[in-house]
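Good morning, and thank you for coming.

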Amino acid sequence: MTSPSPSARRTRLQQSLDTFGPFIGLAIVVILFSIIAPSGFLSLYNAKTVATQTVIVGLSAIGMVFVIRSGGIDLSVGSTIALASVATALGMRAGYGEIPSALIGVSAGALVGLVNGGLITRLSLPPFIVTLGTLGAARGVAKWLGDEQKVDAPSGWLQDAMSKSADTSVLGLAPGVWLMIACAGAAAILLRVTVFGTWTTAIGSNEPTARLCGVPVARMKLAIYVLCGAAAGLAGVLQFGRLTVGDPTTAMGKELDVIAAVVIGGASLSGGTGTILGAMIGAFLMATLANGCNLTGIPNYVQEILIGAIIVGAVALDGWRARARAAA
Amino acid sequence: MSTSTPARALRKASTLLTLPLLATLPVLLGACGNESEAGAEKALQIAVIPKGTTHEYWKAVHAGAEGAAQELGVQVVWKGPIKEDDRAAQVQVVEDFVVRGVDGIVLMPLDKVALAPPAAEAHGRGIPVVIADSDLDWKDRVSFVATDNHHGGELAGEALAEMLGGDGRVILLRYLEGSASTAEREQGFLDAIAKHDGIEVISANQYAGASTESAYKASEDLLQSFPSFDGIFCPNESAAFGMLRALQDSGRTKTAKFIGFDASEKLVAALREGEVDALVLQDPVRMGDLAVRACVDRIRGKAVEPRIDTGVVVVKSSEIDKPEVQALLSPDLSILNR
């Protein structure tokens, strides 16, 4: 009874691989580029640059972890980022100031999440189809609000949130990076310590059983998609800060980067697993890859093939892990 | 028994993540190798960042930049945003070139505002930035290298006035509300026409819209409401093509003089047929060439003009086979394949 059984040992091995896999992947990318990229790749300045470039995908990935862990998927995050950036810009243009405008942006994202969650739970539609629909619809609303153009607005200190220059950065990093880290910390606590996290995992592991055990599945799903939408909304606010304009065409296809980040971080698309830390490392890996390709001057098509290969590789890895788990 | 299977599968799985990376290693090394050969003896490195990489227009700019680079003994690193026309992606490219520490940057900004912060960052780290093709709201640039659109419109107006013998009724089909470059062309056209008392502008308030489709519709409506006129000007490729289709439909290509701006295969064919009487052409090869020269001149301490015009020319049907016109219509891109 007291000595660890072979199956417990296997679980520990599996867990450590799930935890360290993303780190290994990141290490490989970093080592690869430090060999082939020109000097500057391994500099402190570049680390700050990549950290800033991680923020948009990283923040969105925080929400996506909950969705994927609950066995769902959200394809609408790219469009939600664009919608939130336009909503924030409209707020700033109307003179509401930074905090209210940012709240408008986050709310716009949460609203998309509410529509997603509502359609999924009320109409019992598959998340893939619902969010494929809102991927188009949210982009359309963004273009409509922006009058089919980018929205110019005074950016105020929201612009500084994504600037790593000496007078705006905090402890050397752009404020947006710290915001991402803080959100990641809070989300990790929510996922690991609270009943919200336990229920999320329960739904993703076995939804009928969770329902039998009294988990309020519909309300939980609604909350999870709202959380994901709000996270993408916050990413959109920072995207506005970064571009200094509200851009209805921004972040097209970003949902794939976000999902890839979560899956590289050890999540399974069949639900029940996935960590915040892993997703953050995954997001950092994607940003490092793009940065390394740019620094090396690798043509865009090579970079696109590479990222495609990484996404397929990460999902294939997920399949292998799922099968291994089933065998165990 | 089954005890070792999952563990083995997991071990395999952990290598799987590395596979795609390792598979691309030779490609990466190859790409890197080419570059280090080119810059063997510490040549100046100029990053040239277009709005996109797949359009013919940008390839022509690339050819011009590469030509200047070879002549000046510098190295051009050509890299556009990973997603065509994506502001965020272009911001990232600029940032990464700043990290790389290139000697100079030529930027063709996708946005008048959004690209200013990364350009300022480059400037702050001592990297001179030349803006080309489209303007950027940012003062510290070395130079702005682009077509003088107002002048292009003037040339079109003068050419049309000459064709009409200084007498007649003309139509201007505008492109799109809020498009700065075409608005300048339209103003240039009207300014030139205003110098000829005999020419009357009977319509200058209609817009073609962003697509060929909308331009076609707007042109049909215009032709419907003005049964008789003598000349037309359209300030960009899609507007000109829409108007061409409408003129063809109504069989009026020969009765009115028609001048377009920019070229496409269809417009050039129509120019050859005489359905289009003249096209105003920009010179993207020269733009790439002059932008790289401006950047290198600044680095080498020479004076650089704050505004460099890359030139526009009016090409009439009769001039289409001249070698200098052919060079504009189908630029020599062979330098890119070397």
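I shall speak about chain B, and then about chain A.

This is a predicted model, in which local features need pLDDT of at least 70, side-chain atom pairs count only at pLDDT 80 or more, and totals for chains, interfaces and linings use all residues. Residues are numbered from 1 along each chain as its sequence is written, while chains are lettered from A and ligands numbered from 1 in the order in which they are written.

Let me start with chain B. Its secondary structure comes to 12 helices and 12 strands; these are DSSP runs numbered from the N terminus, with helices being H or I of at least four residues and strands E of at least two. Of the 338 residues in chain B, 48% are buried. A residue is called buried if 20 or more other C-beta atoms lie within 10 Å of its own, exposed if 12 or fewer, and partly exposed in between, with C-beta atoms placed from the backbone. Among the contacts in chain B with a separation of 6 or more, 74% are between residues 24 or more positions apart; a contact requires C-beta atoms, placed from the backbone, within 7 Å.

UniProt, in an unreviewed entry, places the feature "domain: Periplasmic binding protein" at residues 46-302 of chain B. Such annotations may be inferred rather than shown by experiment; positions follow the numbering used here and feature names are shortened. Over residues 46-302 of chain B, the chain is 47% helix and 19% strand, with the end C-alpha atoms 16 Å apart.

Next, consider strand 3 of chain B, residues 104-107. B:Gly104 and B:Val106 point one way and B:Ile105 and B:Leu107 the other way, yet all are buried. Strand 3 of chain B runs parallel to strand 1 (residues 45-49) of chain B, joined by 4 bridges, and B:Ala47 has B:Ile105 as its bridge partner. Strands count as paired if DSSP finds at least two bridges between them. Strand 3 of chain B is also parallel to strand 4 (residues 129-132) of chain B, over 3 bridges; here B:Ile105 is partnered by B:Val129. With helix 5 (residues 116-124) of chain B between them in the naming, strands 3 and 4 of chain B make a right-handed β-α-β unit: with the strands pointing away from the viewer, the path from the first strand over the helix to the second runs clockwise.

Chain B also holds an open sheet of 6 strands in the order 7-6-8-9-10-12, with mixed pairing. Its edge strands are strand 7 (199-207) and strand 12 (312-316) of chain B, each pairing on one side only. From one strand to the next, the twist averages 20 degrees. Angles run from 0 to 180 degrees between N-to-C directions, using axes fitted to C-alpha atoms, for helices over the stretch in contact.

I turn now to chain A. Helix 9 (residues 217-243) of chain A has 27 residues and reaches 38 Å from first C-alpha to last, close to the 39 Å expected at 1.5 Å a residue; the expected span is 1.5 Å times one less than the number of residues. Is helix 9 of chain A mostly covered or mostly uncovered? It is mostly covered, as 22 of its 27 residues are buried. Just after helix 9 of chain A, A:Thr244 takes a positive phi of about 65 degrees.

How values were computed. Two residues are in contact if their C-beta atoms, placed from the backbone, lie within 7 Å.
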